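Student: Could you take a close look at the salt bridges in this model and explain to me, step by step, what they join?

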Amino acid sequence: MNQFMEARAQRVKWYMKDRFGMFVHWGLYAIPGRGEWVMRTERIAPQDYTYIEEFDPVCYDPKAWAKMAKKAGMRYVVLTAKHHDGFCLFDSKLTDYTSMTACGRDLVREFVDAVRAEGLKVGLYYSLLDWHHPDYPKYGDAFHPMSENEAYKDEKVDFDNYLRYMHGQIEELVSNYGQIDLLWFDFSYEEMRGEVWKATELVRMVRKYQPNVIIDNRLEVGGEGFGSIINEVPEEYCGDFASPEQIIPPEGIRNVVGDPVPWELCTTINNNWGYNPNDLLYKSGSLLIHKLVECVSKGGNMILNVGPDALGRVDDKSQQVLQEIGKWMERNSASIYGCGNANRPKPEWGWYTQNGNKLYAHVLEAPIGPLALTGVSKDEIQCIRRLADGSEVPLRDSWITQSYAHIPFISFGDIPHFSYPLPDTIDTVLEITLKDKSEG
């Protein structure tokens with residue numbers, strides 16, 4: 001392992017142990033309530049995007065957010081310090097387009113303090129794009145709201161001036177708020193990637209202040225790609241983890257020589273990142289639990305987004321979903337924290353995760369008769385317990401399993417050849433303690 005890979009392995013230790021985090025997309029776009037891309041989708045010119053004049057989140061309580069995340073079993077929280085619209089939730093000395101101007105509050109400071117107080121890791125999101133800054137490219141850009149507006153066709157911008165601004169704001173974030181555990185940059189596209197952002201210089205500056213911070217891979221790519229993080233010799237700015245958006249990699253993520261790469265599914269609780277009161281297509285708690293398990297089983301993390309409203313409140317339905325996840329995590333989190341790929345064939349009834357000699361069978365579907373623990377041999381099993389309550393789950397052979405003597409079977413009831421419902425219909429977790437191989 002080279003020096004870069006060794007340093008990354010040390011940085012991501014906590015992250016690959018914690019596995020589950022909360023994303024918070026929040027800013028001026030909560031006022032129109034049509035998603036965080038409203039400025040782009042409705043082609044609103046910067047001078048007409050005037051929501052700063054009414055931004056006053058009187059219900060903003062980051063302590064409540066942090067407690068909500070912790071109760072859901074999340075171990076880190078990431079807030080959008082600045083999104084694509086350029087509005088800053090922090091006290092930046094480089095612009096007055098901030099929450100300090102809007103409501104006299106450094107909302108990032110309040111967030112950082114609240115998250116730390118709950119013992120959670122602190123993450124900040126920063127958009128590389130900026131639709132408010134006068135020197136960000138407009139006409140012809142793939143995403144700027146004015147990309148098709150002829151009035152900007154001959155405009156000259158000083159992109160180096162924008163880069164000084166961008167680097168300066170990131171320096172403010174990494175030098176003014178104590179330890180930052182995670183930096184989430186978003187995003188690169190077309191020719192706007194890598195050294196166009198002066199990415200090497202940026203990462204070196206960040207690491208000067210925050211040597212242990214972990215960084216995503218979006219100085220090179222968007223949510224659809226990997227970048228050089230999968231190369232045998234990655235770029236210095238490749239990041240510490242890949243960030244697939246709204247998709248779980250079918251086989252996890254490995255580099256070109258087959259070594260696992262840290263990664264994180266970023267997904268929404270409904271279909272929007274920013275607040276949209278008309279988006280009622282919420283994912284269920286059970287589905288999100290299943291997807292968290294799938295991520296961990298493939299060596300990845302999951303960060304789940306909530307989009308608070310303009311006043312700073314997380315809606316009731318999102319809270320309900322988080323509570324459902326938290327109830328399951330309260331009893332079963334040992335099968336998530338510190339776990340990863342068990343390197344066994346996926347069973348038809350669910351997934352395996354593993355931490356040391358603890359193999360966790362996540363049973364999502366009730367069997368007909370006994371349950372076959374495929375991919376596990378009888379000889380390696382020391383004991384099996386239900387993780388939720390510690391109750392014994394003995395191996396159960398019967399007359400109907402005689403043709404499959406090499407496969408261990410268990411039953412969720414007293415009669416092995418009867419069919420029983422799952423004790424937990426969301427995900428019944430079996431903790432399988434494996435024998436020490438030296439004992440064999």
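Tutor: In this predicted model, Arg11 is buried, and Asp240 is buried as well. The side chains of these two residues, Arg11 and Asp240, meet in a salt bridge, with 2.7 Å from N to O. Because Arg11 lies in helix α1 (residues 3–11) while Asp240 lies in the loop between β5 (214–215) and β6 (264–268), the pair ties together parts that are 229 residues apart in sequence. The pair also belongs to a network of salt bridges, in which Arg11, Arg207 and Asp240 are linked.

Turn next to Glu118 and Lys70, whose side chains meet in a salt bridge at 3.8 Å, N to O. Glu118 lies in the loop between α6 (107–117) and β3 (121–127), and Lys70 in helix α4 (residues 62–71), so this pair ties together parts that are 48 residues apart in sequence. Glu118 has 16% relative accessibility and therefore counts as buried, whereas Lys70, with a relative accessible area of 43%, is partly exposed.

Another salt bridge is formed where the side chains of Arg218 and Glu245 meet, at 3.0 Å from N to O. Arg218 and Glu245 each lie in the loop between β5 and β6, so the pair ties together parts that are 27 residues apart in sequence. Arg218 counts as buried because its relative accessibility is 1%, while Glu245, at 30% relative accessibility, counts as partly exposed.

These pairs are among the 22 salt bridges that a search of the whole structure finds.

Technical notes:
Residues numbered from 1 in each chain as written. Predicted model: local features only at pLDDT ≥ 70, side-chain atom pairs only at ≥ 80, totals over all residues. Heavy atoms only, no water. Salt bridge = Lys/Arg side-chain N within 4 Å of Asp/Glu carboxyl O. Helix = DSSP H or I, 4+ residues; strand = E, 2+ residues; numbered from the N terminus. Buried < 20%, exposed > 50% of the residue type's maximum accessible area, 1.4 Å probe, protein only.
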